[in-house]
Amino acid sequence: MRPSLLAALLFASFLSGQNPGPDVRLLAQACNRFGAELHTRLAATNAPTCSPGSIAIALTMLLPGAGGTTADELVAVLQLPEELRGERLLVASQQLLASLRTQPGGRPETTTVCELVNDAFVQQGFALAPAYTQRLTEFFGARATAVDFFGNAEVARKTINEHLQRLTHDRIRDLLSADDVTRDTRLVLTNALWCKGPWQTPFRVANTRPGPFTRADGTVVEVPRMHAVSGLPWAEAEGWLAVSLPMAGHQFTVDLVLPRPGQALQAAERALLSG
């Protein structure tokens, strides 16, 4: 297979190997649709890589406190089916989030760890509706933390950034830039998702050797490439090829998609996302 890599696209395909209820499956499918559309829009910018799962979770956290046109617009953006509303949506969200979290324990070399934390940072003295904060806590596990956007937006911004940096083990730094929060900010909702684990079938370091890699613009560079022989699930369509690499424990997999030989990256993306 030609080693041109499809631009990073993280779908909310959380349910592989599980047996979820119908509402959880509906929600996961909506997350997938949201992720596909978001990637299509971002691909036209200079930064097409994102985590649509985290974005979808944060937007869903807004819904229990929204009404009227705002709620309708959130539902449309998230592409939620008509039957998934109110308590059904909240319970499905709770169950979907639970399926993402791993239980502590096990040896690091044989265990995949996934930590997911939701938070709400609220202007001190600003009273959110009790029913809303209760739903954030009960269904999303979001803890409300008081900060002072009005008195010192920069300190509040650094507090949020440092919190997310700790949760992601220094992987995400300075998530909020200086103009993302102001003295008019009253609420910031965040989602931190951190995963780490070994492959179910590890790649041997000794089998890493240089090989050609074709960029999206057609130029070829030499890069270190991992090699392994293993039976893996794979799929193909008119414009793309894909392989699924399970991580230890088989709860999570990494799905790699690339264009067919002779296909442009953009054509492969269109073929993949049109489905």
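This is a predicted model: local features need pLDDT of at least 70, side-chain atom pairs count only at pLDDT 80 or more; totals for chains, interfaces and linings use all residues.

Biologist: Noted. How many helices and strands are there in the protein?

Modeller: The protein has seven helices and eight strands.

Biologist: And what share of the residues is buried?

Modeller: Of the 275 residues, 35% are buried. As for contacts between residues at least 6 apart in sequence, 64% of them join residues at least 24 apart.

Biologist: How many bridges hold strand 6 and strand 7 together?

Modeller: Three bridges, in the antiparallel sense, with strand 6 covering residues 234–236. Ala235 is the residue opposite Ala242 in strand 7. The two strands are joined by a hairpin through three residues.

Biologist: Why is strand 7 described as largely enclosed by the rest of the structure?

Modeller: Because six of the seven residues in strand 7 (residues 240–246) are buried. The cut-off for buried is under 20% relative accessible area.

Biologist: Good. What about the sheet with mixed pairing, what order do its strands have?

Modeller: The order is 2-1-3, an open sheet of three strands. Strand 2 (143–147) and strand 3 are at the edges with a single partner strand each, so one side of each has no neighbour in the sheet. The twist in this sheet averages 30° from one strand to the next.

Biologist: Are strand 1 and strand 2 paired in the parallel or the antiparallel sense?

Modeller: Parallel, over five bridges, with strand 1 made of residues 113–123. Val122 faces Ala146 in strand 2 as its opposite number. Helix 2 (residues 52–62) packs on that sheet, where it touches strand 1 and strand 3, and its direction makes about 145° with that of strand 3.

Biologist: Let's pick a residue in there. Where does Thr190 sit?

Modeller: Thr190 is in strand 3, which runs over residues 187–196. Thr190 has a relative accessible area of 5%, so it counts as buried.

Biologist: Which residues does Thr190 touch?

Modeller: Leaving out residues up to four places away in sequence, Thr190 touches Met61, Val117, Asn118, Asp119, Phe121, Ile160 and Leu164.

Biologist: Switching to helices. At what angle do the axes of helix 4 and helix 5 cross?

Modeller: Roughly 40°, with the axes of helix 4 (residues 86–100) and helix 5 (residues 130–140) coming within 8 Å. Helix 4 is therefore oblique to helix 5. By class, that contact has five nonpolar, two polar and three charged residues.

Biologist: Which residues meet there?

Modeller: From helix 4 there are Glu87, Leu90, Val91, Ser93, Gln94 and Leu97, and they meet Arg135, Glu138, Phe139 and Phe140 of helix 5.

Biologist: Is Phe140 buried or exposed?

Modeller: Buried, at a relative accessible area of 2%. Phe140 and Val91 are 49 residues apart along the chain, and their C-alpha atoms are separated by 9.4 Å.

Biologist: And what does Phe140 touch?

Modeller: Not counting residues up to four places away in sequence, its contacts include Thr60, Met61 and Pro64, plus Leu90, Ser93 and Leu97. Arg101, Asn118 and Arg135 are also touched by Phe140.

Biologist: Last topic, cysteines. How many disulfides does the count come to?

Modeller: Zero, taking a disulfide as a pair of cysteine sulfur atoms within 2.5 Å.

Biologist: Is Cys114 buried or exposed?

Modeller: Cys114 is buried, with 3% relative accessible area. Cys195 counts as partly exposed, at 41% relative accessibility.

How values were computed
Residues are numbered from 1 along each chain as its sequence is written. Side-chain values use heavy atoms; hydrogens and water are left out. Buried means under 20% relative accessible area, exposed over 50%, partly exposed in between (1.4 Å probe, protein chains only). Helices (H or I, at least four residues) and strands (E, at least two) are DSSP runs, numbered from the N terminus. Two strands pair if DSSP finds at least two bridges between them. Contact means heavy atoms within 4.5 Å. Axes are lines fitted to C-alpha atoms, for helices over the stretch in contact, and angles run from 0 to 180 degrees between N-to-C directions. Angles under 35 degrees count as roughly parallel, over 145 as roughly antiparallel, 65 to 115 as roughly perpendicular and the rest as oblique. Ala, Val, Leu, Ile, Met, Phe, Trp, Tyr, Cys and Pro count as nonpolar, Asp, Glu, Lys and Arg as charged, and the others, Gly among them, as polar.
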